[in-house]
Amino acid sequence: MNRAASTRKIAVVNPKGGCGKTTIATSLAAWLAYEADVALADLDVQQSSAEWHSLRLADNPYIELLAARRWPPAVPAHCDYLIIDSPAAINARELERLLAYCDKIIVPLLPSPIDMRSGWRYLDQLFRLRKASRSQCEIGLIAHRVKSWTIIYLELIGFIDQFKAPFVCHL
């Protein structure tokens with residue numbers, strides 16, 4: 001079997017800027033790189049993941065940085081994981097491509113009424129697209145930048161529970 005075909009592909013998506021996509025994508029890539037071969041694709045025009053990659057110390061585990069504008073990314077055969085840092089304001093067509101391409105999608109959600117309202121529309125669209133395309137892509141939700149003892153955390157968890165999607169963690 002072609003090893004590149006068995007690469008696990010994980011995208012971090014949310015149409016709202018500033019929700020933590022890059023932080024989660026780079027942290028996940030760095031963590032996985034201690035145990036596996038990892039590639040990181042930065043699809044965001046700001047190229048914050050690419051900048052993070054350029055600042056990494058040489059003694060850190062190696063992470064392959066892939067060309068930002070190429071779709072699908074050319075994943076090296078040795079890679080076990082591909083982490084995709086998606087752009088903000090990703091449209092339905094791009095989202096469908098990710099659903100067809102990826103094994104997992106992580107959606108960071110912030111604990112604020114504005115972010116939850118935006119997240120509601122986006123998650124509704126994401127789950128409808130997945131159902132319509134019959135994608136097997138798993139979707140997991142992360143409560144980002146939240147303290148577990150606060151009222152807004154409980155509101156965010158209640159919001160997440162409505163989607164019956166796995167709640168991965170809170171950061």
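Student: Which backbone oxygen does the side chain of Lys 9 reach?

Tutor: The side chain of Lys 9 reaches the backbone oxygen of Thr 7, at 3.2 Å. This is a predicted model, in which local features need pLDDT of at least 70 and side-chain atom pairs count only at pLDDT 80 or more, while totals for chains, interfaces and linings use all residues. Residues are numbered from 1 along each chain as its sequence is written, and side-chain values use heavy atoms, with hydrogens and water left out.

Student: Where is Lys 9 found?

Tutor: Lys 9 belongs to strand 1, residues 8–12. Strands (E, at least two residues) and helices (H or I, at least four) are DSSP runs, numbered from the N terminus.

Student: Is Lys 9 buried or exposed?

Tutor: Lys 9 is buried, that is, under 20% relative accessible area (1.4 Å probe, protein chains only). Lys 9 has no salt bridge, a term for a side-chain nitrogen of Lys or Arg within 4 Å of a carboxyl oxygen of Asp or Glu. The nearest side chain of opposite charge, that of Asp 103, is 5.0 Å away; Lys and Arg count as positive and Asp and Glu as negative, with His and the chain ends not counted.

Student: New topic. Which residues touch the most other members of the largest nonpolar core?

Tutor: They are Ile 84, Ile 105, Val 107 and Leu 123, in a core of 37 residues. A nonpolar core is a set of buried Ala, Val, Leu, Ile, Met, Phe, Trp, Tyr and Cys residues joined through side-chain atoms within 4.5 Å.

Student: Which element gives the largest share of this core?

Tutor: Helix 4 does, with six residues.

Student: What covers the buried residues of helix 4?

Tutor: The cover includes helix 3, strand 5, strand 6 and helix 5, where contact means heavy atoms within 4.5 Å. Among the buried residues of helix 4 are Tyr 122, Leu 123 and Leu 126.

Student: What follows helix 4?

Tutor: Arg 134 follows helix 4, and its phi is positive, near 60°.

Student: And where does His 144 lie?

Tutor: His 144 lies in the loop between strand 6 and helix 5. His 144 is buried, because its relative accessible area is 6%.

Student: Which backbone oxygen does its side chain reach?

Tutor: The side chain of His 144 reaches the backbone oxygen of Cys 19 at 3.0 Å. His 144 also touches residues including Thr 23, Pro 111 and Leu 171. His 144 and Pro 111 are 33 residues apart in sequence and 7.3 Å apart in space, C-alpha to C-alpha.

How values were computed: Buried < 20%, exposed > 50% of the residue type's maximum accessible area, 1.4 Å probe, protein only. Polar contact = N/O pair within 3.5 Å; in protein donor to acceptor, adjacent residues only side chain to side chain. Lists of a residue's contacts leave out its neighbours within four places in sequence.
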